[in-house]
Amino acid sequence: MTGRVLTLAAGTAILLVAVGVLLLTAGGERGSDADGLRLDPDDAALVADGERIYRDACASCHGVALEGQPDWQQRRADGRLPAPPHDPSGHTWHHPDDVLFALTKYGPAALVNDPAYLSDMPGFAEVLSDRDILAVLSYIKSTWPPEIRARHNALNARAAGG
């Protein structure tokens, strides 16, 4: 039963983040930079930059091999979830590009408009440029196998209304 409650809580958190992203991107001032955004895992220069930036800014929490932290789906005693993996075993590829961009740029607390939201994930708006964020996310996507990339592309098409 506990696992089911935690899964429900995690699902609720993801839903809140998605709603926040929709509010931001539906004409909100901060969402305009993500309009039409698409990751480009086939751009070798962008991916190389993204790998370097990922190692400097993300790997300390999400792992050098994108493996995330142990027990990433179980809340810790402080109520926070450990950093999830960005490899195919995680949920990164379950979110469209604009959601991934907004989560990285603003952090989950800003997206749900609740500064008390418990998350170790900061927003990187003051640290990384939009291109840097796009590069990191493109690097992450470049590591996914073709079938996961295809599913993520289909998700993006559905999110764009296509």
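Buried here denotes under 20% relative accessible area, exposed over 50%, and partly exposed in between, with a 1.4 Å probe and protein chains only. In soluble globular proteins, nonpolar side chains tend to be buried together.

The model is predicted; local features need pLDDT of at least 70 and side-chain atom pairs count only at pLDDT 80 or more, whereas totals for chains, interfaces and linings use all residues. Residues are numbered from 1 along each chain as its sequence is written, and side-chain values use heavy atoms, with hydrogens and water left out.

The protein chain contains seven helices and zero strands, where helices (H or I, at least four residues) and strands (E, at least two) are DSSP runs numbered from the N terminus. Of the 162 residues in the chain, 40% are buried. Contact means heavy atoms within 4.5 Å; among contacts with a separation of 6 or more, 60% are between residues 24 or more positions apart.

Two packed helices are described by the angle between their axes and the distance between the axes. The axes of helix H2 (residues 44-57) and helix H6 (residues 130-142) come within 7 Å and cross at roughly 100°. Axes are lines fitted to C-alpha atoms, for helices over the stretch in contact, and angles run from 0 to 180 degrees between N-to-C directions. H2 and H6 are therefore roughly perpendicular to each other, a term for angles of 65 to 115 degrees; those under 35 count as roughly parallel, those over 145 as roughly antiparallel and the rest as oblique. Residues making the contact include Val47, Tyr54 and Arg55 of H2 and Val136, Tyr139 and Ile140 of H6.

Tyr139 touches Val47, Gly50, Glu51, Tyr54, Arg55 and Leu66, residues up to four places away in sequence not being counted. Ala44 also lies in helix H2 and counts as exposed because its relative accessibility is 61%. The C-alpha atoms of Ala44 and Ser138 are separated by 9.6 Å, although these residues are 94 residues apart along the chain.
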